[in-house]
Amino acid sequence: MVQAASVRSSQCPVSQLSLGFDDEGGAFNGMSQSGTLLVLRNIGRTPCRVRALPRLHFEDADGRAVDAVRRAPPGMHPGPVLSSVQVMPGVALTARLHWVSGDVYDGHHCISPATAVIDLPGGTLRQSFGRHMCAPAGSARFFDQAPLRPDTAPPAP
C-alpha cells in the first residue's frame with residue numbers, strides 16, 4: 001500500500017530499497033522506441049518515503065558517469081514539483097522509462113550505459129542496465145521518466 005507523504009515516515013535509506021527493471025516482455029519496444037519499468041521495492045520492515053521523481057543517472061562499464069539526463073516533461077520547466085510517496089514494507093513503486101533506441105538522428109549519437117544509478121539518503125542503488133539509447137547530436141537528453149507510482153502488478157508468489 002502506498003500513501004501520500006502526509007503520513008509520518010522517514011526517507012527510505014538505501015539499505016531498505018532494491019532497484020530493478022521490468023521490460024514487461026517487450027511491451028515497450030516498437031519502431032526505434034524502447035523502455036522499461038524502473039522498480040523500487042521496500043525490502044525493509046518499516047514504511048518509508050521516496051521522492052516521486054528520483055534522480056536517475058547512468059555509468060559506463062568502468063563506473064564513470066555517462067552524459068545522459070531525463071528530458072523535462074512538456075510544460076514543466078524547470079521540472080515538476082512532486083510530493084514524496086510512502087511505500088509500505090514489501091511493496092514496489094514503478095516508473096515508466098522511455099527512450100529512442102534506434103539511430104534515427106543525424107550525427108549518430110547513441111549510448112549503451114552499463115549501469116543505472118539512483119541516489120538515496122545514505123548511498124546509491126545500482127543495477128545493470130545495458131540498453132541502447134539515442135538522442136539528437138549534441139543533446140544529453142536521452143530518456144523520459146514518469147514519477148513513481150504504486151505497482152499494479154499482482155505480487156510474486
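Some ground rules. The model is predicted, so local features need pLDDT of at least 70 and side-chain atom pairs count only at pLDDT 80 or more, while totals for chains, interfaces and linings use all residues. Residues are numbered from 1 along each chain as its sequence is written, and side-chain values use heavy atoms, with hydrogens and water left out.

Let's start with the core. A nonpolar core is a set of buried Ala, Val, Leu, Ile, Met, Phe, Trp, Tyr and Cys residues joined through side-chain atoms within 4.5 Å. Buried means under 20% relative accessible area, exposed over 50%, and partly exposed in between, with a 1.4 Å probe and protein chains only. The largest core here has 31 residues. Which of them touch the most other members? They are Leu38, Leu40, Val50, Leu56, Phe58 and Met133. Several strands give two or more residues to this core, including strand 3 (33–42) and strand 5 (56–59). Strands (E, at least two residues) are DSSP runs, numbered from the N terminus. Strand 9 gives the most, with 4 residues. In soluble globular proteins, nonpolar side chains tend to be buried together.

Take Val50. Contact means heavy atoms within 4.5 Å. Leaving aside neighbours within four places in sequence, Val50 contacts Leu40, Val85, Val87 and Leu93, among others.

Asn42 sits in strand 3. Is Asn42 buried or exposed? Asn42 counts as buried, because its relative accessibility is 0%. A polar atom of the Asn42 side chain lies 3.0 Å from the backbone oxygen of Val87. Beyond four places in sequence, the residues Asn42 touches include Gln16, Pro47, Val87 and Gly90.

On to the rings. There are 4 aromatic pairs. Rings of Phe, Tyr and Trp (its six-membered ring) pair if their centres lie within 6.5 Å; planes under 30 degrees apart are stacked, over 60 edge-to-face, the rest tilted. Phe58 and Phe129 are tilted, at 4.8 Å centre to centre and 50° between planes. Phe58 lies in strand 5 and Phe129 in the loop between strand 12 (123–128) and strand 13 (133–134), so the pair ties together parts 71 residues apart in sequence. Trp99 and Phe129 have centres 5.6 Å apart and planes at 55°, so this pair is tilted. Trp99 is buried at 1%, and Phe129 is buried at 6%. Ring pairs link Phe21, Phe58, Trp99, Phe129 and Phe143 into a cluster.

Conventions
Polar contact = N/O pair within 3.5 Å; in protein donor to acceptor, adjacent residues only side chain to side chain.
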